[in-house]
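Okay, thanks for coming, everyone. Let me put the model up on the screen, and then I'll walk you through some of it.

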Amino acid sequence: MKLSELSYLSTKRLDALSSEGIHSAMDLLNFFPRRYLDRSNTQKMKFLPGSGEEVTVAGKVVDISTAGFGRKKRLEVTLNDGTGTIKGVWFRGVKYFSKYFKKGETVAFFGQAKRYGKNVSIAHPEVDKISSEGDLDAFSRIVPIYPGSKGISQARITSSMIQNWNKEILANIQIDEFLPTDILSEMKFPTRKEAYRMIHFPESHNQHKNALNRFKFEELFLFEMSMEKIHFTVKDRAQGHLFKNIGNYTARYFNEVLPFELTEGQKIALSEIKQDVRSGKQMNRLIQGDVGAGKTVVAIGAMLMALDNGFQAAFLAPTEILAEQHYRTLSDHLKEMDINIRLLIGSQKKALRTDILTDVEGGNAQIVVGTHAIIQDEVRFHNLGLAVIDEQHRFGVKQRADLLSKGNHPHMLVMSATPIPRSLAMTVYADLDVSVIKDLPAGRKPIKTAIRSHKKREDVMHFVRQEVEDGGQVYVVYPLVEESEALDLKDATAGFEKLKKRFPEFKIGLLHGRMKTEEKEAVMKKFIDNEINILVSTTVIEVGVDVPNASVMIIEHAERFGLSQLHQLRGRIGRGERQSYCILMPDVKVSKAGAFRLKTMEETNDGFRIAEADLKLRGPGDFLGTKQSGLPDFKFADIVEDQFLLAQAKEKAKSLLKEDPELKESSHKNLSTVFAPYFEEKVKFYGMG
Ligand code: ADP
Ligand code: MG
């Protein structure tokens with residue numbers, strides 16, 4: 001059925017719908033109400049006390065008039081619901097609203113009702129147009145209110161119009177069920193067509209809720225089916241390199257080089273990796289561990305397994321500072337073992353770059369550490385056996401795929417310090433196995449975090465002096481203001497100058513994103529060697545930087561940072577034996593959300609708790625960056641709110657695919673038709689096509 005076949009659908013209205021992305025009858029059915037007006041809950045106008053309480057009223061427009069003059073001019077729209085009247089009053093937008101209403105229309109107002117003499121009125125009510133004619137009594141108890149964009153209201157499309165069209169559509173259209181019958185009955189869901197009726201013409205709130213859950217489930221189910229299938233495909237398709245000999249390098253590293261005992265979590269992660277690389281299948285493993293858990297050592301161990309078997313390993317980091325740090329750590333840890341390690345970053349000179357590329361392609365370079373530069377086209381490996389991605393949430397799914405394409409199904413290890421709540425991890429990383437490092441290395445003292453206002457700046461400075469005199473090192477961090485890199489640079493630079501004046505006897509360093517690589521490298525090296533006491537920095541140190549002797553971090557304008565970012569920053573301290581302190585210095589004015597973030601930081605060091613709080617504050621898309629993370633953009637479902645449905649969808653998807661992996665059974669024919677194109681999209685997205 002075409003939209004143009006519907007009654008009372010003029011070209012103008014067709015255009016308005018089309019600008020909302022509604023091009024077909026199905027699109028219109030999928031245009032769900034924004035909310036429902038329950039007539040049993042709307043107040044009768046006659047009985048309104050008018051003492052400022054919030055009310056929903058609905059009635060017929062009986063009068064539209066202006067009152068007052070000049071700047072005091074106002075618009076009054078009177079509604080009548082058969083029991084009495086109420087006025088909507090506008091002081092702003094008088095011209096717009098006087099054209100917006102027509103006598104005889106049925107509309108609903110929502111707002112604070114106040115009595116002035118005989119009349120009750122609502123100033124600037126929220127307005128929903130229900131119908132261009134007809135009495136309210138003609139409507140069912142629950143009236144759907146559709147989202148009204150400017151285009152839609154200009155074309156005078158009302159909610160009841162949309163309802164009438166939907167009635168026509170539902171009477172004429174065939175809608176196939178694609179969810180298997182047993183799932184429908186187990187979940188007590190209505191059929192697809194029935195669900196559309198229940199969305200647009202609900203007889204009760206339960207009906208509407210049940211129908212909505214069905215549509216949410218549909219989305220989650222398709223998504224989980226695709227995840228499950230990707231999981232199979234990744235696992236089954238790829239033969240993995242066999243790392244038979246785990247010996248020389250690996251054993252020496254853990255037995256002779258490492259100065260400390262591995263934590264339980266590190267040991268388990270390493271033994272899981274060992275199993276993977278000896279399974280004959282390609283490894284796809286995520287190491288999740290809070291900041292400071294010691295993921296790098298695990299990565300080094302895995303890389304040495306590759307080297308033990310004559311393969312090359314790549315180690316990808318999101319920033320140059322981090323790549324350089326890893327390069328230094330590796331060079332330092334492995335210096336006795338005669339291993340050729342190369343650093344590959346974007347800012348290197350051409351001659352050096354050519355030399356590195358030759359080394360990598362020829363197989364001379366055993367380990368390549370670097371940034372995005374590693375995944376550029378001209379980089380070719382001799383025999384890449386393992387690819388490690390550090391801080392993987394900084395990379396897109398595509399980049400992961402690009403790195404993998406540098407070898408013949410190399411094993412892959414990705415590491416993340418963003419403790420992703422289980423519910424999300426399940427969906428985002430369906431194609432990965434997960435090792436969690438729960439424990440921090442022994443001897444760490446929990447970081448003490450405090451919020452200090454500017455009035456306390458003197459005390460804070462006094463404390464900084466004590467710490468430095470006692471041999472500790474200090475970070476002072478300034479936020480990155482995205483719109484203006486110049487501005488935050490100014491903040492950091494000014495802070496740097498002030499500190500130099502204040503502590504002439506200390507060595508103060510400055511680090512920011514605009515410095516040349518060599519300059520950054522030099523500053524970092526000095527800080528690591530404790531030749532810089534206080535490092536003033538922008539957020540370039542946010543990820544991964546590891547200087548165990550640094551024990552104090554002062555975060556300026558702390559309320560401007562996101563929670564996860566604050567946690568990442570704080571993770572730069574508390575890495576050694578010293579008691580560490582994080583001091584959050586907010587501006588004078590702090591928003592509610594900002595205050596909540598700071599308080600959460602003060603209350604807990606637990607990355608998982610912080611992640612949960614952050615997720616609640618920001619929602620999943622923003623939390624991980626929807627596109628980046630591969631998190632699906634659901635239309636109806638909310639990955640956080642609908643966790644229960646999500647778990648059910650996952651379970652049902654799993655058991656269905658186990659029973660009928662290719663969806664060949666005749667009872668799954670419709671499902672197969674819907675799923676095939678959906679899956680194709682997903683596979684493209686994951687770069688596995
Ligand atoms: P992250 O997991 O945040 O990447 P790192 O790998 O940078 O953490 O490790 C943090 C610090 O802890 C490093 O200085 C590292 O040498 C040290 N470390 C790692 N494992 C242990 C351990 N088992 N015992 C003591 N120190 C450790
Ligand atoms: Mg790290």
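Let's start at one pair of residues: Val107 has Lys129 in β7 as its bridge partner. Before I go on, some housekeeping: what you see is a predicted model, so local features need pLDDT of at least 70 and side-chain atom pairs count only at pLDDT 80 or more, while totals for chains, interfaces and linings use all residues. Residues are numbered from 1 along each chain as its sequence is written, chains are lettered from A and ligands numbered from 1 in the order in which they are written, and side-chain values use heavy atoms, with hydrogens and water left out.

Back to β5. Strands here are DSSP runs of E, at least two residues, and helices are runs of H or I, at least four residues, numbered from the N terminus. Two strands pair if DSSP finds at least two bridges between them. β5 and β7 (residues 126-131) run antiparallel, joined by five bridges. With β2 (residues 51-67), β5 (residues 106-116) also pairs in the antiparallel sense, over eight bridges, and there Val55 sits opposite Gly111. Then there's β6 (residues 119-123), antiparallel to β5 over four bridges, with Tyr116 partnered by Asn119.

Now, zooming out. The chain is divided into domain 1 (1-38 + 147-173), domain 2 (41-140), domain 3 (248-437) and domain 4 (448-604), with bounds from an automatic or database domain assignment. The C-alpha centres of domain 1 and domain 3 are 53 Å apart.

Next, an open sheet: six strands, parallel pairing, in the order β16-β21-β20-β17-β19-β18. Which strands are at the edges? They're β16 (448-451) and β18 (508-511), each pairing on one side only. On average, neighbouring strands are turned by 15° against each other, direction ignored. β16 runs parallel to β21 (residues 581-585), with four bridges joining them; Ala450 has Ile583 as its partner in β21. Helix α18 (residues 517-528) lies across β17 (473-477), β18, β19 (534-537) and β20 (550-556), at about 140° to β18. For those angles, axes are lines fitted to C-alpha atoms, for helices over the stretch in contact, and they run from 0 to 180 degrees between N-to-C directions.

What does Gln579 touch, leaving aside neighbours within four places in sequence? It's in contact (heavy atoms within 4.5 Å) with Lys445, Pro446, Ile447, Lys448 and Ser551. A polar atom of the Gln579 side chain is 2.9 Å from the backbone oxygen of Pro446.

Finally, the ligand. There are 18 residues around ligand 1, and Gly292, Lys295, Thr296, Arg444 and Asp546 come nearest; to be counted, a residue needs a heavy atom within 4 Å. Helix α11 (residues 295-308) gives the largest share of that shell, three residues. Oxygen atoms of ligand 1 have a backbone N or O atom of Gly292 at 2.6 Å, a side-chain N or O of Lys295 at 2.7 Å, and a polar side-chain atom of Arg575 at 2.9 Å. Taken alone, ligand 1 exposes 570 Å², and the protein buries 87% of that, by the Shrake-Rupley method with a 1.4 Å probe.

Methods: Polar contact = N/O pair within 3.5 Å; in protein donor to acceptor, adjacent residues only side chain to side chain.
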